[in-house]
Amino acid sequence: MTDPGPRPGSARHRHRRRRRHRGRRIAAVAVVVAAVGVGGWLAVSKLDHWASPFTTGPASFSLDVRSGYTVAEVGERLKATAPGDLGAQFDRVATSGQVTSPFQPPGNHSLEGLLGTGEYRVAGDETATELLTAMVDRFDHQAAAAGLDAASAAKLGMTQYQVVIAASIVEKEGYYPKNMPKVARVIVNRLADGMKLAMTSTVLYSLGQDGGPVTTADRHLDSPYNTYEHAGLTPTPICFPSPTALRAAVNPPAGPWLYFTVVSKDGTEAFTDTYTQHIKNQQKTRESGAG
């Protein structure tokens with residue numbers, strides 16, 4: 001499978017600005033407007049981490065958890081933007097088993113893939129436990145909206161957790177929504193046929209990378225996440241799947257596909273059920289410069 005490259009939109013480091021309310025509200029506004037002018041006031045008010053002069057508690061900040069992110073990546077962003085040691089707390093609590101998901105199998109403390117995507121408005125005094133609980137709750141709603149339950153998973157011959165794992169691979173391998181349904185079917189078909197998934201995204205996860213080339217040596221990496229070496233799904237999800245990837249994994253379209261590769265620079269993937277045609281598709285990849 002051809003990896004489409006690193007996910008766009010890496011997190012920006014934003015500055016937090018805090019203001020304290022002193023005196024009457026009208027006086028506070030007058031001082032700020034007089035100091036920076038109307039245009040400056042508008043610019044300040046648009047900053048993500050700006051706290052109103054009328055705020056009496058700790059400033060809040062925005063956290064954008066995008067599909068394709070991992071627990072480690074969210075922790076990194078919190079360390080860069082959150083007050084205090086929230087980022088370090090997040091790392092500890094996320095792997096401690098203190099916050100759990102109903103999708104986790106017994107004995108599994110990993111929340112990888114089980115936190116809801118989207119924007120969170122986080123209070124300055126919010127704890128990692130509170131934040132993670134909210135993120136688990138959001139994922140539960142997203143999974144339910146995608147139709148994930150015990151019955152839908154059983155139709156695929158999977159547990160609900162395995163469907164989430166499949167959705168996370170769909171997220172990375174499909175990359176664009178138009179590709180995701182067929183990628184989901186490829187995963188189901190390969191598992192049913194006893195084939196190894198052999199997907200580059202799982203190797204990249206083993207290497208701690210998001211995108212980039214996968215070498216022949218990488219494909220022989222000794223890791224349970226290396227689906228070139230190990231049959232079946234990975235032990236845990238490899239990222240947070242989007243609602244689109246979840247829907248695709250829960251209800252993949254009928255089709256015989258076993259192989260796919262990117263064939264154009266716009267991210268279009270070609271699917272086939274024969275290795276011979278797959279080789280031809282890979283030639284199209286090279287000719288288009290998409291690989």
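**Reading helix pairs, cores and buried loops**

Biologist: The axes of helix 2 (residues 71-81) and helix 3 (residues 86-94) come within 7 Å and cross at roughly 160°. What are two packed helices described by?

Modeller: Two packed helices are described by the angle between their axes and the distance between those axes. Here an axis is a line fitted to C-alpha atoms, for helices over the stretch in contact, and angles run from 0 to 180 degrees between N-to-C directions. Helices (DSSP runs of H or I, at least four residues) and strands (runs of E, at least two) are numbered from the N terminus. Please keep in mind that this is a predicted model, in which local features need pLDDT of at least 70 and side-chain atom pairs count only at pLDDT 80 or more, while totals for chains, interfaces and linings use all residues. Residues are numbered from 1 along each chain as its sequence is written, and side-chain values use heavy atoms, with hydrogens and water left out.

Biologist: Are helix 2 and helix 3 roughly parallel or roughly antiparallel to each other?

Modeller: Angles under 35 degrees count as roughly parallel, over 145 as roughly antiparallel, 65 to 115 as roughly perpendicular, and the rest as oblique. Helix 2 and helix 3 are therefore roughly antiparallel. Handedness is a separate description: a crossing is left-handed if the near helix is turned anticlockwise from the far one by less than a right angle, and right-handed if clockwise. Helix 2 passes helix 3 in a right-handed crossing. On the side of helix 2, the contact (heavy atoms within 4.5 Å) is made by Val-71, Val-74, Gly-75, Leu-78 and Lys-79, and on the side of helix 3 by Leu-86, Gly-87, Ala-88, Phe-90, Asp-91 and Ala-94.

Biologist: How many residues of the contact of helix 2 with helix 3 are nonpolar, polar and charged?

Modeller: Ala, Val, Leu, Ile, Met, Phe, Trp, Tyr, Cys and Pro count as nonpolar, Asp, Glu, Lys and Arg as charged, and the others, Gly among them, as polar. The contact of helix 2 with helix 3 divides into seven nonpolar, two polar and two charged residues.

Biologist: At what angle do helix 6 and helix 9 pack?

Modeller: Helix 6 (residues 160-174) and helix 9 (residues 243-250) pack at about 125°, with their axes 8 Å apart, which makes helix 6 oblique to helix 9. Helix 6 passes helix 9 in a right-handed crossing. Val-163, Ala-166, Ala-167, Val-170 and Glu-171 of helix 6 make the contact with Ala-245, Leu-246, Ala-248, Ala-249 and Val-250 of helix 9, and these residues divide into nine nonpolar, no polar and one charged.

Biologist: Which residues touch the most other members of the largest nonpolar core?

Modeller: A nonpolar core is a set of buried Ala, Val, Leu, Ile, Met, Phe, Trp, Tyr and Cys residues joined through side-chain atoms within 4.5 Å, where buried means under 20% relative accessible area, exposed over 50%, and partly exposed in between (1.4 Å probe, protein chains only). Of the 36 residues in the largest nonpolar core, Leu-148, Val-163, Ile-169, Val-170 and Ile-187 touch the most other members. Helix 4 (128-145), helix 6, helix 7 (180-193) and helix 9 each supply at least two residues of this core, and helix 6 gives the most, with eight. Apart from this core lies another, of 23 residues, with Leu-63, Val-65, Val-74 and Leu-115 among them.

Biologist: Where is Tyr-175 found, and is Tyr-175 buried or exposed?

Modeller: Tyr-175 is found in the loop between helix 6 and helix 7, and because its relative accessible area is 13%, Tyr-175 counts as buried. Although Tyr-175 is not a glycine, its phi is positive, about 65°. Ala-198, in the loop between helix 7 and helix 8, is not a glycine either and has a positive phi of about 50°; with a relative accessible area of 17%, Ala-198 is buried.

Biologist: Which residues of helix 8 are buried?

Modeller: In helix 8 (residues 200-207), Thr-200, Ser-201, Thr-202, Val-203 and Leu-204 are buried, and the buried residues of helix 8 pack against helix 6. Gly-208, whose phi is positive, near 75°, follows helix 8.
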